[in-house]
Amino acid sequence: MLWINDTLAIADWELSESFTRSQGPGGQNVNKVSTAVELRFEAERSPHLTPAVKARLKRIAGRKWTQDGAIVIRAEETRSQLRNRDLARERLAEMIRAALVAPKRRVATKPTLGSQRRRLKAKTVRGEVKALRGKVGDDE
């Protein structure tokens with residue numbers, strides 16, 4: 001189980017991990033040990049997430065969201081397989097926590113009379129400046 005908060009936990013069947021060799025420098029260790037972790041979470045099929053949370057999670061995940069509705073997270077920062085596994089799980093948990101927070105609804109307001117007047121005055125001044133930019137005519 002992966003606990004997201006006090007009330008939400010992701011079941012083990014929704015998560016799958018695969019281990020591969022890390023890329024980059026690391027000497028002999030990188031060529032022998034499979035330390036990189038690829039964590040796959042079947043978000044679209046998850047019964048624990050509401051449709052609204054799934055929609056926000058899809059937007060947050062971006063390119064990590066696959067066409068079949070899964071999130072794929074790859075962690076290969078450390079030389080330890082266990083630490084990379086924990087990092088990948090924590091990244092997924094942070095992503096889901098961010099998706100659980102519903103954005104505040106924006107309340108439309110009218111602009112004040114003073115702000116409208118200031119805007120129109122600024123436009124008038126700007127128009128006068130631009131009107132003075134024309135070609136200089138010969139007054140003969």
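## Basis of the report

Two strands pair if DSSP finds at least two bridges between them. Helices (H or I, at least four residues) and strands (E, at least two) are DSSP runs, numbered from the N terminus.

This is a predicted model, in which local features need pLDDT of at least 70 and side-chain atom pairs count only at pLDDT 80 or more, while totals for chains, interfaces and linings use all residues. Residues are numbered from 1 along each chain as its sequence is written, and side-chain values use heavy atoms, with hydrogens and water left out.

## Confidence

The predictor's confidence in each residue is given as pLDDT, from 0 to 100. For the protein, the mean pLDDT is 87, and 94% of residues reach 70 or more. Confidence is lowest in helix 1 (residues 28-32), with a mean of 71, and highest in helix 4 (residues 113-131), at 96.

## Strand pairing

Strand 4 (residues 36-41) pairs with strand 3 (residues 15-20) in the antiparallel sense, over six bridges. Within this pairing, Leu15 has Phe41 of strand 4 as its bridge partner.

Strand 4 also pairs with strand 5 in the antiparallel sense, over five bridges. Here Arg74, in strand 5, is the bridge partner of Glu38.

Ala75 belongs to strand 5 (residues 71-75). Ala75 counts as buried because its relative accessibility is 0%; buried means under 20% relative accessible area, exposed over 50%, and partly exposed in between (1.4 Å probe, protein chains only).

Leaving aside residues up to four places away in sequence, Ala75 touches Thr35, Ala36, Val37, Asn84, Leu87, Ala88 and Arg91, where contact means heavy atoms within 4.5 Å. Val33 lies 42 residues from Ala75 along the chain, and their C-alpha atoms are separated by 14 Å.
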